[in-house]
Amino acid sequence: MSTRLTKKGIPMVDSQSLQLVFGAAGVHENISRYLSVSLNTKGYKSVTPSVLSFLSALECGENYGSDIARNLGVSRQMVAKTVKSLCQVGYLEQLDAAGKQKRIVFTELGERLMSDSRQLLAGLDVILHKAVGQSVLQENIATLHNIQNIVDELSAQ
């Protein structure tokens, strides 16, 4: 295990976990960028990696701002602002619900956007299967799930 020192002489140990974090983040960023560019080419407006990340956190049915905020770890104000902009583009709509709450649902265009996203990901699966092999890809996915479960258990302690 190698150790590097900062300018102040503080040891910085190499970590495979850190490499895993950067590698997973890089894969996420690259796939998100690929999706947003491909969807923009298909005519979907204002689709960025952050928009896709937000939309992917929503249920296909009804959503509520407070639930979205809790799941994403952001403020309700940020959710309200994002939902408003996605309603203006036509991917979401807000419907009246009990009290002051609003139900947030996908429009038909929003459902098509999510469906086309899944189609693009399925196409990427084919490319990855050819490049690295289906079994290797499945093993990597299973390993990532195992690592996620181990870290979840550590966080719960």
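Glu62 and Arg103 form a salt bridge, with their closest N and O atoms 2.8 Å apart. This pair joins distant parts of the chain: Glu62 sits in the loop between α2 and β3 (63–64) and Arg103 in strand β5, 41 residues apart. Here a salt bridge is a side-chain nitrogen of Lys or Arg within 4 Å of a carboxyl oxygen of Asp or Glu. Helices (H or I, at least four residues) and strands (E, at least two) are DSSP runs, numbered from the N terminus.

A word on the ground rules: this is a predicted model, in which local features need pLDDT of at least 70 and side-chain atom pairs count only at pLDDT 80 or more, while totals for chains, interfaces and linings use all residues. Residues are numbered from 1 along each chain as its sequence is written, and side-chain values use heavy atoms, with hydrogens and water left out.

### Charged pairs

By the salt-bridge rule, the count comes to four.

| Pair | N to O distance |
|---|---|
| Glu62 and Arg103 | 2.8 Å |
| Asp96 and Lys102 | 2.7 Å |
| Arg112 and Glu108 | 2.1 Å |

How far these residues are covered is given by relative accessible area (buried under 20%, exposed over 50%, partly exposed in between; 1.4 Å probe, protein chains only). Glu62 is partly exposed at 43%, and Arg103 is partly exposed at 22%. In the second pair, Asp96 counts as exposed at 59%, whereas Lys102 is partly exposed at 36%. Arg112 is partly exposed at 47%, and Glu108 is exposed at 52%.

### The core

Let's turn to the interior. A nonpolar core is a set of buried Ala, Val, Leu, Ile, Met, Phe, Trp, Tyr and Cys residues joined through side-chain atoms within 4.5 Å. The largest one has 20 residues, and Phe54, Leu55 and Leu92 touch the most other members. At least two residues come from each of α1 (16–41), α2 (49–56), α3 (65–72), α4 (76–89), β5 (102–106) and α5 (108–132). Helix α2 gives the most, with four residues.

Leaving aside neighbours within four places in sequence, Leu92 is in contact (heavy atoms within 4.5 Å) with Phe54, Leu55, Leu58, Val83, Leu86, Cys87, Ile104, Val105, Phe106 and Thr107.

### Aromatic rings

Searching the whole structure turns up one aromatic pair. Rings of Phe, Tyr and Trp (its six-membered ring) pair if their centres lie within 6.5 Å; planes under 30 degrees apart count as stacked, over 60 as edge-to-face and the rest as tilted. The partners are Tyr44 and Tyr91, with ring centres 6.4 Å apart and planes at 50°, so the pair is tilted. Because Tyr44 lies in the loop between α1 and α2 and Tyr91 in the loop between α4 and β4 (92–96), the pair ties together parts 47 residues apart in sequence. Tyr44 is buried, with 9% relative accessible area, and Tyr91 is buried at 1%.

### A nonpolar surface patch

What do Leu18, Val21 and Phe22 form on the surface? They make up a nonpolar patch with about 320 Å² of accessible area together. Patches are made of residues with over 30% relative accessible area and no salt bridge, like charges being joined within 9 Å and nonpolar side chains (Val, Leu, Ile, Met, Phe, Trp, Tyr) within 5 Å. Accessible areas come from the Shrake-Rupley method with a 1.4 Å probe; for residues, only the protein chains shown count as cover. Val21 lies in helix α1 and is exposed at 51% relative accessibility.
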